[in-house]
Amino acid sequence: MIDQITYSAEILAFLKRHHYRQVVPKAALIDMDGTLYDSMKNHTASWYRLMTEAGIKCTRDEFYLYEGRTGASTINYLIQRELGREATQEEKENLYKKKTVYFNQLPPVEPMQGAREMVEVFKEVGMQRVLVTGSGQNSLLSRISTDFPGLFSDELKVTSRDVQHGKPHPEPFIRAMQLAHVTPSQSIVVENAPLGVEAGDRAGAFTVGVTTGPIPREEMIKAGAAIVFDSMPEFVRALPTLLLSLLTVTIDD
């Protein structure tokens, strides 16, 4: 049971595991798909259509577990698994273009319930907000300024185009910390999938898992989440207390 007063047990466990004295949150590093947008049902449908048409055996639900990978990485992983070889650059580019077409043919996705309120809390307390996504699809990236007005800047975004290694590699979040000029112990990651959680924890950030899809909370914990919430509205309600607790819970030298 999460401590509803201070979250001290979860914070202390994180501090001990990372050998920090304290987390002083100055930047929120926030995932896009499944966190800011309720988009994973469309992503999984388009991925499943694409790969089955290409003759790759897969299930729709398995693509929830690949969230956070770059498109090229997902394609390469499945071709390695099913065909026993690396995907060519041409395959990666052509298949991902087709996947983007399939995604855009589906009904438009909506912002995740509570997502805007979450980002507004981070802004109100003076924390920088950095978008960190494994996606490169302009169909959603171009909507950020409209759906989250004044909450993200163009300079503080990390997409699949900005990194060599996608999640679960820590590079996307390390890059985000560099853009925001913060250290790992000054960073909070918000993610909804195990690969993103793993990347955030490996980067050294206090990583929050929010279960907005079918992935069990236990998978978030295994991946390294410092704390897990069962929905975005629950996280929004808890966020002010969590931020205050991070500033007050310390490990003495």
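Lys222 counts as exposed because its relative accessibility is 66%, where exposed stands for over 50% relative accessible area, buried for under 20% and partly exposed for values in between (1.4 Å probe, protein chains only). In this predicted model, local features need pLDDT of at least 70 and side-chain atom pairs count only at pLDDT 80 or more, whereas totals for chains, interfaces and linings use all residues. Residues are numbered from 1 along each chain as its sequence is written, and side-chain values use heavy atoms, with hydrogens and water left out.

Lys222 forms a salt bridge with Glu219, with 3.6 Å between the closest N and O atoms; a salt bridge is a side-chain nitrogen of Lys or Arg within 4 Å of a carboxyl oxygen of Asp or Glu. Glu219 is partly exposed, with a relative accessible area of 30%. Because the two residues are three residues apart in helix H11 (residues 217–223), about one helical turn separates Glu219 from Lys222; helices (H or I, at least four residues) and strands (E, at least two) are DSSP runs numbered from the N terminus.

A second pair, Arg202 and Glu198, forms a salt bridge whose closest N and O atoms are 3.7 Å apart, and both residues lie in helix H10 (residues 194–202), four residues apart. Arg202 is partly exposed at 46% relative accessibility, and Glu198 is likewise partly exposed, at 29%.

Across the whole structure, the search finds 14 salt bridges. One of them joins the side chains of Lys167 and Glu191 at 2.6 Å, N to O. This pair links distant parts of the chain, 24 residues apart, with Lys167 in the loop between strand E3 (157–158) and helix H9 (171–180) and Glu191 in strand E4 (residues 187–191). Both Lys167 and Glu191 are buried.

The search also finds two cavities of 30 Å³ or more, a cavity being a set of points, on a 1 Å grid over the protein atoms alone, where a 1.4 Å probe fits but cannot get out, and its lining residues having an atom within 4 Å of a point. The largest cavity holds about 210 Å³ of space and is lined by 18 residues, of which Asp33, Trp47, Glu67, Gly68 and Arg69 lie nearest its centre. Helix H2 gives the most to this lining, with three residues. The second largest cavity holds about 40 Å³ of space, and its lining includes Gly68, Thr133 and Lys167.

Definitions and conventions. 1 Å grid on protein atoms, 1.4 Å probe; cavity = no way out; pocket = protein on both sides within 12 Å on 5 of 7 lines; lining within 4 Å. Points joined across faces, edges and corners; volume = space filled by probe spheres on them.
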